[in-house]
Amino acid sequence: MAIYSYQTEPLTNFSQKESIKNYQEGLDIVNSYLGRHYDLIIDGKRVKTQKQMASLNPSDFKETVGTISQATKVETDLAIEAALRAFETWKFVSPEVRADVLFKSAAILRRRKFEFSALMTKEAGKPWPEADADVAEAIDFLEYYGRQMLALNRIDDVVLSRRNIERNEYKYIPLGVGAIISPWNFPLAILSGMTTAAIVSGNTVLLKPASTTQVIAYKFIEVLEEAGLPHGVVNFLPGSGAEIGDYIVEHPKIRFVSFTGSKQVGMGIYEKAAKVHKGQIWLKRVIAEMGGKDAIVVDSDADLDLAAESIVKSAFGFSGQKCSACSRAIIHEDVYDKVIEKMVKLTEQLKVGNPEKENTFMGPVNDQRAFEKITSYFEIGQKEGRLVTGGKADNSTGYFIDPTIFVDLDPQSTLMQEEIFGPILAVCKVKSFDEAIDVANNTEYGLTGSVISRNREHLEKARREFHVGNLYLNRKCTGAIVGYQPFGGFNMSGTDSKAGGPDYLVLHMQGKTVSEAL
């Protein structure tokens with residue numbers, strides 16, 4: 001089959017009336033099926049369970065997006081057996097056919113782009129541009145991983161045979177049945193990337209989506225089904241982490257676990273997966289991305305407008321609910337007051353409210369638990385630093401928190417060290433660029449970071465010494481692009497995997513050498 005070159009999916013231009021009309025039509029489609037019920041999907045069959053969960057609109061928690069059946073250990077066992085059966089045939093399906101399922105899925109998502117965007121606005125609280133970018137990234141993952149699988153299928157070219165002696169082959173084969181445990185903050189992009197990277201590599205999976213975005217996950221399974229994915233390759237298994245999460249991770253027939261989420265949960269998965277259980281004949285592989293405490297460094301000779309804009313967009317896009325979000329601004333003392341003044345002015349112009357409205361910049365946070373955790377840092381920030389804007393919240397109808405900035409913080413303070421995962425920015429002052437890099441590196445994380453500077457020597461120092469998986473120079477620290485900026489970090493940010501990069505699929509496979517005498 002002819003494969004055209006990889007190109008990223010263009011973002012929607014919402015200054016055009018047609019785009020606004022399309023998004024509103026997407027909202028109408030989603031409104032038409034609000035409140036519906038969704039079952040588990042095991043071996044292609046819909047399975048209803050007694051236990052159900054309601055997915056609520058975080059902007060208006062009186063509105064139910066849908067109800068979803070929840071799995072128990074009984075359904076988990078059924079799903080594992082279905083995945084094991086499907087693996088026996090799926091692993092031998094040609095990479096071209098597996099990749100074609102991804103390409104077809106990408107085409108379906110393009111046709112339903114505004115519906116999926118609107119569904120994320122409803123279920124995940126994403127404003128229009130954030131939801132649109134999420135769908136575009138999902139399409140990018142499908143297109144990119146499909147092409148990567150085709151490229152890996154030609155790996156034989158790099159292994160040499162010895163003429164008249166032997167013919168050598170080297171190929172990648174799939175691992176087996178995996179568990180995909182996906183997050184709520186990128187409920188389509190990351191979910192689709194994690195899931196399809198596993199299946200295009202020849203594996204079969206159990207997909208356990210985040211509890212607050214299960215309808216989005218179900219709708220994506222519908223896309224895979226429409227694209228022709230055989231039954232049992234992906235089994236939709238929503239359920240509580242306490243009831244089925246550990247059970248899946250520890251099951252002897254699970255070969256690998258792919259996880260995106262909090263550091264605490266990720267460490268637990270890593271520990272549990274390391275134990276070999278009775279009947280298990282392999283060491284499980286864990287692919288984990290666990291968050292960050294990301295910093296933007298502002299040098300003394302920086303473009304101050306660029307610095308302020310980069311910080312504000314990185315800190316408060318999607319209410320700071322990105323593992324790549326800027327939660328620390330480290331600013332040289334020579335420009336400290338000026339940058340803070342510019343940041344406050346930009347922040348106070350941001351519109352917070354219902355993301356269904358096209359001009360909303362910041363919608364709600366994820367749920368009541370997130371609301372309570374984030375707002376608990378208000379009192380800590382008042383004690384450790386100085387509040388310059390924000391510090392207000394309202395959960396009367398939805399989970400809304402104003403973008404908040406605390407300044408004059410010590411680099412070792414709670415707000416400068418702990419991942420908050422919400423719209424709170426911590427700011428500290430440094431005396432030199434060397435000190436700024438030291439402060440930037442002084443957390444347990446190492447995911448993303450940015451440096452705003454006109455000094456080439458300083459930029460090169462950051463390139464060498466700023467210890468993060470994704471470093472950006474003179475731009476914001478969010479918005480990694482599939483294929484161009486492979487994403488993933490160091491230390492407690494995960495297992496050093498790089499989603500959307502040339503070596504990500506290999507994590508889901510194992511190498512096999514065959515040598516035949518001539």
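Is Thr 213 buried or exposed? I began with where Thr 213 sits: I found this residue in the loop between strand E8 (204–208) and helix H7. One thing to keep in mind is that this is a predicted model. I looked up the relative accessibility of Thr 213 and got 2%. The cut-off for buried is under 20%, so Thr 213 counts as buried.

Next I wanted its neighbours. Leaving out residues up to four places away in sequence, Thr 213 touches Glu 123, Ala 124, Pro 183, Trp 184 and Pro 187.

I searched the whole structure and got 2 cavities of 30 Å³ or more.

Entry on the largest cavity. I noted a volume of about 100 Å³. The lining has 16 residues, and Gly 320, Ala 325, Ser 327, Phe 421 and Gly 422 lie nearest the centre. Strands E13 (326–332) and E18 (424–430) each supply at least two residues of this lining. I sorted the lining by class and got 8 nonpolar, 4 polar and 4 charged residues.

Entry on the second largest cavity. Its volume comes out at about 80 Å³. Which helix gives the largest share of its lining? That's H7 (residues 214–226), with 3 residues. By class, I got 7 nonpolar, 3 polar and 1 charged.

Conventions. Residues are numbered from 1 along each chain as its sequence is written. This is a predicted model: local features need pLDDT of at least 70, side-chain atom pairs count only at pLDDT 80 or more; totals for chains, interfaces and linings use all residues. Side-chain values use heavy atoms; hydrogens and water are left out. On a 1 Å grid over the protein atoms alone, a cavity is a set of points where a 1.4 Å probe fits but cannot get out, and a pocket is an open set with protein on both sides within 12 Å along at least five of seven lines; lining residues have an atom within 4 Å of a point. Grid points are joined across faces, edges and corners, and a volume is the space filled by probe spheres set on the points. Helices (H or I, at least four residues) and strands (E, at least two) are DSSP runs, numbered from the N terminus. Ala, Val, Leu, Ile, Met, Phe, Trp, Tyr, Cys and Pro count as nonpolar, Asp, Glu, Lys and Arg as charged, and the others, Gly among them, as polar. Buried means under 20% relative accessible area, exposed over 50%, partly exposed in between (1.4 Å probe, protein chains only). Contact means heavy atoms within 4.5 Å.
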